[in-house]
Structure formats: structure tokens, C-alpha cells
Amino acid sequence: MKIFKHTKQYIFLISFAIFLSLFQSTAYAENETEKNVLILNSNKNYNNFTNGTESMSFENTIISSINSKFIKSKKNINVAIEYMDYNNNLGDTYSQQLYNLYKVKYENTKFDAVITLDDMNDNAFKFMLNYGDKLFPNTPVVFSGVPSFDTSLVKGHSNYTGITKNPDIKSTLDVALSLHPKTKQIFVITDKTQFGIYHKKLVESLIPLYKNKINFLFSDESDIFKLKKEINNLPKDTVIYFSATADAYKGISDKVISQSSAADILFKDSRIPIYCRASSYINNQSIGGMLTYADSYGSSIGDLALMILNGERPSSIPVTEDTAHNYEFNYLQLKKFGIDLKSLPKGSIIRNAPIDYFNIYKNMFFPIAASIIIFIIALQMFLIIFNIYKRRLAENSLSDNENLLNTLINSTPDIIYFKNDKGIFLEINDAALRLLNISRDDYENINMNDINTSPYFNEDLLDEFETNDRKTWETGTIYRTKEVILNRREETNKIYDTLRIPLFNEDGSRKGLMLLGRDITEHKLNEKNKKLIKELKYYDELKTNFFSNISHEFKTPLNLIFSALQIIELKNRTTEGKDETSEKYIDIMKLNCYRLLRIINNLIDITKIDSGNFSTHFKNDDIVFTLENTVMSTVDYVKSKDINITFDTDIEEKVMAFDSDAIERIILNLLSNAIKFTPPGGSIEVNIQDKVDNIVISVKDTGIGIPPDKQASIFKKFVQVDKSLSRGSEGSGIGLSLVKELVVLHNGIIELESAPNKGSEFKITLPVKLLKGDENCNNEEKFADHSNIEKIKIELSDIYV
Ligand code: ADP
């Protein structure tokens, strides 16, 4: 995160730089008015003695940095430089002469800013304080250097601002002493210039800090050879602090010896370590120290000057101090003195390190470069890890999906297989293996061609598969067919609805074939059953209609026979002398006619009820009266069987809606059964109970009873409990079913309580309802073709008299 944070900063910085550059080019396009800047350098111009390897002097480096700032600003700035050469010319007279010179020189020039450059002195600054107002009235002044600056110096000079600079000599001395712990004395080399004098003073001010530990020796010898002698005589436990200015030493014909050449002459053979002050002072012979930087200092001065040129008032810009110092060391000298790089202060710059660019500019470059590299590496690692993670996830989800697919394929009852273009099974699911009657192990370990060695292997099925696969490739499209598969294990034929999908490559060649098959055996069976049920229903309806029709057809000849018998009977009665035998046979014939009529009537009604064509004739009437009448009409018959019959009711009258014809049929049927199955000497009770909303009619006998296991079935059509039991009397097994249907038509229920040899009780509960107005139909025609007596004769015809 930290790296990312920094990256963001770098990205921001880069973007900002781009933004600035764009911004700057826009500013350039504005083509501002010309500005004039005068640089007063208290030193002299040293550049003319460079010998190729010489670097610029401290002040010239500053000037160069100021200039590059001005150029970058794209402002139209003219820079005039004056080298005041205070190094060798001092005093008020000299300053006065300079004033006179500049007065003449710049009489017609209006400067927008004056920059004073003083390295280890304040000469240019002081010159401006004294003559500035006269020379360049109201011109802002940017001063630099002035190590002994005090705000009181610029009191009354509101157009002054600047950046002071002090060398950090103490840090250089401290690092020298720490790297050479045996040091006893420090040899300080300065010169006789103002700068040298000032510098010596600075070092002297530090002596108390090293009191009793380090001895300080000073030399401002300008004769280089004499100085060299001094150095050669120094004891080994000495460190040199070299701070002579660039023009301190002169050679033959008074020519200034460059600083680096001077250093070579002075220290090349010396075994004494040399430390110095500024970056521009470091040379082949010096180890380094806490150096100050002219370029960064120059940039700061340039920025300040630009602010002024942009209109900022100097009084609004406080005087600051340039603190751009850094430890910088010469790798070659470190090696020479066996100094371990690790013992150097943190963040030190190493100069002359072998192809170690990063070390040289470590302080400037390394944090950014390292952060970028670390960021890139971290990013790469993150991406790699993320990709691995993503791949793992994908793999996991793929394997999950594969497992899921496998589970699905193998748990479905449908058969599935995949074959390649050569017809070799690539995958076959459990259902298909079960059908082929081979295990997965067999399938995986044995070639499909060898699999038929298994005794129960379904070879026919494999053949069937092969044949239909071939047809699929022939048709070249989805092929659907019904396959009847002989399942040898279960020995039942299975019917499969199969779908084959041929898969092709882009070039049209065969890729593979997929089969999906669904077991539709049951479905087919159901279809067959449904058809059968439909057929049965049709035949049942046909039968019902036939019964209904044939029953009516039975009735016509029966009525004719019946009428003929009645005529014979009448004729017999009118003729004298009774033929008793023929009368007896006429009675037998009549009784059997009644029986037939009863069966036919019951058949007609039950079929009518079944087909929903039975019509009821409900009417509000006294049900007690109807029931009593019906029961009373049977008394003679019952008594003839030596059975006692009683009728009892807890109400005299109960008017309700009922079909009197149906109620008569119900009671007569129940009584008929009761008489039939009650031996002589028994009794029959008919009871009516009023339950207000319901009426309960009970027909109870003391007969043979009905076994419990048969009680539920006696209401079903054509059921007789026991042929042998009913043999005492005739019957067709439809009486009770008709009774039940007629009770249901009244929305009533019929219940049975019976115990073998104790008797039976049929209880009918009918809801009490009354019809309103026109619903109450007046139905006269009940059994229209038969009188009441005849009805009884018909209903009781089963009872053999
Ligand atoms: P069926 O015309 O044969 O009488 P039912 O439907 O009226 O037909 O009666 C069915 C059978 O129920 C009879 O055959 C008989 O076995 C038995 N059953 C009916 N009523 C009685 C009863 N009161 N006592 C004993 N058995 C009876």
C-alpha cells in the first residue's frame, strides 16, 4: 500500500510536471515584456582558466543555475553580470570606484532586479546597501550568501530579500573525525582572501567544541610549494580541512593554478585524508564531507528572482537560509584510506563509484527509482498472484462444474453417452452402463469390443446403439427414434425415446456423437392402460344402455304372459267346477312373472341411476303415513311366513319432501330381505324416529344376520353374501344396491348393524326438507301400470309362498 501510495505521488508529480510544461509553453506564448536583471558577483570570474577538467567556480555554478531557471521560465529576461572581484580588492575606495563605474555603465539601464552573489562573504550585498539606492533606485534586490546575515542589516530596505548560506563545517569535521578516530589534529587550509579570512574565523569559532581532543592548525600559505612542505611535515594522525578559494595559488608567471591541479600538487603523495567544503571543491584528492551545492542554491535564487520579476514585493518574501547540504564522498579516496562505505552517514552520495550511477545520485534518484522498481516488482507479483488465484478459482470452479456435471449425468435415469468420430465411447453414464449391464470398472478397463465377454452383457442393445448411431451419421442431423430394448436382467422390454446429436468440426468432418435416451416404458404402459380404460368405459356404457333397452324389451312379453294368465284365471273362475291343478300352476306362473318383473324393474332403475337417467318425483307429503301404509300392506305375507311384524313411530305425522315411490321400494326391499332371511318364529320391527332435522327409519329383524366381513359389500351391485345362505329364497343381489342409490338420491345415508344368528338392522337417515311452491310437483303416475297390491306382489315375489 505504501508503495502504491508513493506511486500515486510519483504519478501525480509526473502529471504535474507535464501540466507545468504545458502551462509553461502557454506562458511563453504570451510574449511578456523584456526584463533586465543584474547579477553582482562579489568574486571574480574564474572560468577563463579552466583546463578541460576544471569545473565551474561555486559562484559561476550559481549563475548558471539562475540562468537556466530564467530560460525555463520562458520569460524574456536579459541578464547582466558584474564580477566585482572583492577577493583581491577590498575597501571603501574600491567600492566607490565600482559605484562610479556602474553609474556610468548602467545610467540608461533600468533593472527589474539585482541579484548579489556572496559565497563566504557579504561584499556584493554590502555594496548594494551602500550604493544600491543611488545606482538602481527602487530596484528589488535578491541577495545570497551573507553567512553572518542579520535582519537588522536590511532594516529600511523593504525591496531586499534573499537566501543566506552558511557552510556546515562542523558536520564535515565530525564525519572526518568519526572516519579517522585516531585523529589528533586538524590542519585547516584557507587563503588570504576575504573569503579565506572569514572561513578561518568560522573554523576557529568551532574549536571550543573539540577542546582537549583535537588540535587545530591553520595555514593560509599562498605559495603552493611551501604549503606542500607544511603538509609533508604533518603527523600521520592529522586530517586536512581544505577550503582555499579557486585562485589561491599561482604558478609561474603569476598564473592561477586551478583548484584540482593545486590539490594534485598538494596532496597526491600525502597519506593524510583531506576533507572539503563545497561540491565544486571536491576533487581527486579529497575524501569529501558535508558539502554545499551551488546548483541547487542557484536554482533557489533563480526562483526567488522570478517571483520578484512576477511582481511579488520583496518585503512579502522573508529571508531564508539555504540548507541544501549533503554528505558526499570520493569513492577512490575512501578506498585509499580503507573506509568502509557502511560506516558513512546514511544517505551519503558516493562520487566516482565504479559504474554505480545509482550510488552517485542515490539521494536524488534512489528513493524514486527504488520505489518505482519495488512498485513494478510488487505490481508484477501482485498480478502473478492474482492470476494464479484467478486460475485456481477458475480451476476450482471448473472442477466443481465438472463434478456437478458428472453427478448430474450419472444420477439421471436417462441414458447418455458421447462417442468420438471413430465410434469409441468417450463418456457413458451410469444409466447406460446399467442398461448394457456392465460396471464402470469394466467400462474403464476393458475395450468396448471385449466387453461382450460378460455373460449378461446386453449385446442386442449395443447393436441397437451402433445401428442407430450409423443412421444418425447417415442423416447428418438430430435423429430421434424409439428403441425397444430387451432388458435381459429384468426380462422386460424397455422402450427408450432416444435423441442422437451428431457434432461436426468447422471443416465439416465428424467430431463426435451424443446420445440422450429416456425410458418411456411406463409412459407407454400408461398410455395403453388409458386406452384400455377408455374402451372399458365405452363398453360399460354400451352394456348399461343394452341392459336398459333389453329390460324394457323383457317387460313387453312378460306383460303379455301376465295378461294371458289373468284371462285364463278369469275364465276359470267363471266356469263351473274348479280345476284346482290349473289354478295352482297359474299362481306359480303369476308369481314368477312378478319375480321377473321385479328383476327387470330393479335392473332398469339401477341402470338408469348408473347412467344418470333416473328421474325422481319429490313431493311434500307425510312420510309416516307412506311408511305405515307400505308396512301394513305386507303384514299378510309376513304372517304367512310365521314371522311377527310391528310398526312403531314416535311421531304421528312428518311432512317432508320425498319420492313416495322410491321410499316404498326401499322399505319393500328391506322387508323382503328381512322376511327372506328371518326364519319362522322370528320378528320384524319397523321404527320411525323423529330427529327434527332428520328422520330415522329402522328395519330390524331377528334373522340369520350378515357376517361382519360381508357387511361393507352387500350394498354393491350383484353381491350376495353367500349363495348357500340366500338359497332359502331367491335373489339377484341388486336389491340393496338400489336401496342405497335411492337413499343417496334423498341425500340420506343407510347403515347396517348385524350379527350372525342375531339379526340385522338397516337404519336409514333422511334429511327433513320441504319443497317450495312450484318445486312441489304433483306426480300421480307412480307404478302407473301396477296397483298397490301388485307392487307388493312384485317386490315380495322373491319370497316363496
Ligand atoms: P338379493 O336380491 O339377493 O336379496 P340384495 O342386494 O337385496 O340381493 O341382498 C344382498 C345379500 O345381502 C343377500 O343375498 C343376503 O345374502 C344379504 N342380506 C340382505 N338382507 C339381509 C337380512 N335382512 N338378513 C340377512 N342377510 C341379508
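Predicted model: local features only at pLDDT ≥ 70, side-chain atom pairs only at ≥ 80, totals over all residues.
When residues up to four places away in sequence are not counted, Leu 766 touches Ile 623, Met 656, Ile 663, Asp 693, Asn 694, Ile 695, Ile 697, Val 743, His 746 and Gly 748.

Strand 24 (residues 749–755) and strand 25 (residues 759–767) pair in the antiparallel sense over 7 bridges. In a regular strand the side chains alternate between the two faces of the sheet. Of the latter group, Glu 753 stands opposite Glu 761 in strand 25. The hairpin formed by the two strands has 3 residues between them, and Asn 757 takes a positive phi near 65°.

The count of salt bridges comes to 21. Within helix 5 (residues 169–179), Asp 174 and Lys 170 lie 4 residues apart, about one turn of the helix, and they form a salt bridge in which the closest N and O atoms are 2.7 Å apart. Asp 174 is partly exposed because its relative accessible area is 28%, and Lys 170 likewise counts as partly exposed, at 33%.

A further set of charged residues, namely Lys 419, Glu 466, Asp 469, Glu 483 and Arg 500, is linked in a network of salt bridges. Within this set, Glu 466 and Lys 419 form a salt bridge with their closest N and O atoms 3.3 Å apart. This pair links distant parts of the chain, Glu 466 being in helix 15 (residues 459–475) and Lys 419 in strand 14 (residues 415–420), 47 residues apart. Glu 466 is partly exposed, with a relative accessible area of 35%, whereas Lys 419 is buried at 4%. The side chains of Arg 500 and Glu 483 meet at 2.8 Å, N to O; because Arg 500 lies in strand 17 and Glu 483 in strand 16, this pair ties together parts that are 17 residues apart in sequence. Arg 500 is buried at 0% relative accessibility, and Glu 483 is buried with a relative accessible area of 0%.

The structure holds 0 disulfides. Cys 276 counts as buried at 0% relative accessibility, as does Cys 593 at 5%.

Note on methods:
Residues numbered from 1 in each chain as written. Heavy atoms only, no water. Disulfide = S-S within 2.5 Å. Buried < 20%, exposed > 50% of the residue type's maximum accessible area, 1.4 Å probe, protein only. Pairing = 2+ DSSP bridges. Contact = heavy atoms within 4.5 Å. Salt bridge = Lys/Arg side-chain N within 4 Å of Asp/Glu carboxyl O.
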